[in-house]
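Work through the exercises below with the sequence and the model open. Each task is followed by a solution in steps.

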Amino acid sequence: MATPASSPTPPRIRLLATGGTIAGAQTVGGRGYQAGALSIEALIGAVPQLAAIARLEVEQVAAIGSQDMDEAVWLKLAARARAALAEPELAGVVITHGTDTMEETGYFLNLVVPSAKPIVLVGAMRPATEISADGPMNLYNAVAVAAHPEAAGRGVLVVANDEIHFAREVAKTNTTQVGTFKATHRGLAGLVHAGRLHLYAPPVRRHTAGSEFAVLPVTALPRVDIVYAYAGMGRELIDAAVRAGAKGLVVAGVGDGNLNAAALAACAAAARAGVAIVRSSRTGGGVVERNLEVPDDELGFIAADELNPQKARVLLMLGLTRTADPAALQALFFAY
Ligand code: SIN
């Protein structure tokens with residue numbers, strides 16, 4: 001167990017704010033709220049205890065609900081995190097973010113930011129103005145994790161609901177409950193209770209300082225779309241993605257990333273035309289195995305291994321900045 005870092009001079013932590021429900025304010029007289037309505041200064045002001053564990057420096061990178069997160073903001077965030085962490089005196093970075101797409105942003109940063117220092121994403125399920133808002137404690141815990149030297153070298157982390165997750169493993173699994181984040185495959189990175197850390201085993205897959213995508217800043221990403229499979233699916237959506245210029249396509253297949261005959265024929269044609277086809281699964285868990293019911297070797301397909309469709313899309317975009325060779329792309333899915 002590790003106690004919150006508290007010294008006469010607490011560590012410097014850069015807070016990069018992007019919005020989300022953690023910065024949400026309820027609309028007057030209604031059940032609704034606007035994500036990203038409050039400034040990062042307002043969020044910090046609600047947690048005066050932060051001053052004892054970190055010297056916070058804030059930067060408002062965006063003020064959006066994370067449904068509006070996109071590749072342009074990812075690239076900006078990566079650049080800001082990269083620049084901050086290159087400062088020798090800076091101990092870590094905390095990013096406030098909506099929970100809806102936090103897993104994608106976290107996994108992207110996990111692959112492109114070349115630093116062993118802690119990078120922690122944090123959000124909340126209840127807006128800041130709601131009864132029993134979860135944001136203030138989540139923010140306190142996130143800063144405590146980022147400020148703690150033992151959190152280094154574990155890749156990008158996500159903190160919420162007293163849990164510390166690896167960005168690669170975490171998935172949002174519930175629409176509204178505060179315990180929405182689950183580690184779908186390899187377990188939790190640890191727990192954090194009122195700033196006290198309990199860290200578990202470090203991650204096995206490559207990340208941050210060990211990622212080939214972190215060597216040089218990524219400046220542009222190719223178009224990759226996701227198509228969701230279902231009983232009775234046709235080929236039209238796959239063909240439309242190819243016509244729209246997708247360089248890669250992730251299929252959220254049924255079961256072990258399976259597709260019916262019509263969808264399989266469309267994907268095979270796309271692969272022959274040079275579009276990278278990744279088979280992921282809509283099940284929410286498990287490994288997509290190669291060559292079980294789909295002849296991947298013959299068709300030139302890639303299996304997503306453990307990555308859900310939205311994370312497979314992130315890795316495929318980055319992979320396509322290096323290669324279009326299915327075998328080389330498959331190797332990335334076994335490494336990251
Ligand atoms: C969002 O992702 O911005 C809205 C939902 C949330 O933050 O919980």
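**Exercise 1. Which residue forms a salt bridge with Arg14, and which parts of the chain does the pair link?**

Solution. Take a salt bridge as a side-chain nitrogen of Lys or Arg within 4 Å of a carboxyl oxygen of Asp or Glu. Glu87 meets this rule with Arg14, their closest N and O atoms being 3.0 Å apart. The rule gives 16 salt bridges as the count.

The model is predicted, with local features needing pLDDT of at least 70 and side-chain atom pairs counted only at pLDDT 80 or more, whereas totals for chains, interfaces and linings use all residues. Residues are numbered from 1 along each chain as its sequence is written, and side-chain values use heavy atoms, with hydrogens and water left out.

**Exercise 2. Give the strand order of the mixed sheet and find its edges.**

Solution. Helices (H or I, at least four residues) and strands (E, at least two) are DSSP runs numbered from the N terminus, and two strands pair if DSSP finds at least two bridges between them. On this basis 8 strands form an open sheet in the order S4-S1-S5-S6-S7-S8-S11-S12, with mixed pairing. The edge strands are S4 (55-64) and S12 (196-199), each of which pairs on one side only. Direction ignored, neighbouring strands of this sheet are turned by 25° against each other on average.

**Exercise 3. Describe the pairing of S8 with S7 and with S11.**

Solution. Start with S7 (residues 156-160) and S8 (residues 163-166), an antiparallel pair with 4 bridges. Leu157 stands opposite Phe166 in S8. The two strands form a hairpin with 2 residues between them, and Asn161 in the turn has a positive phi of about 55°. Then turn to S11 (residues 190-193), which runs antiparallel to S8 and is joined to it by 2 bridges. Here Glu163 stands opposite Leu191, and the bridge partner of Ile164 is Gly190.

**Exercise 4. Which strands make up the parallel sheet, and why is one side of S13 left without a neighbour?**

Solution. 4 strands form an open sheet in the order S13-S14-S15-S16, and the pairing is parallel. S13 (224-228) and S16 (302-303) stand at the edges with a single partner strand each, so one side of each has no neighbour in the sheet. S13 is joined to S14 (residues 248-253) by 5 bridges, and Asp225 has Leu249 in S14 as its bridge partner. Helix H8 (residues 309-320) lies across S13, S14 and S15 (276-281), at about 160° to S14; such angles run from 0 to 180 degrees between N-to-C directions, with axes fitted to C-alpha atoms, for helices over the stretch in contact (heavy atoms within 4.5 Å).

**Exercise 5. How does the radius of gyration compare with the globule rule?**

Solution. The protein has 9 helices and 16 strands. Its radius of gyration, 20 Å, is close to the 20 Å that the globule rule gives for 336 residues, so the protein is as compact as a globular protein of that length. The radius is taken over C-alpha atoms, and the rule is 2.2 Å times the number of residues to the power 0.38. Along its principal axes the C-alpha trace spans about 65 × 50 × 35 Å.
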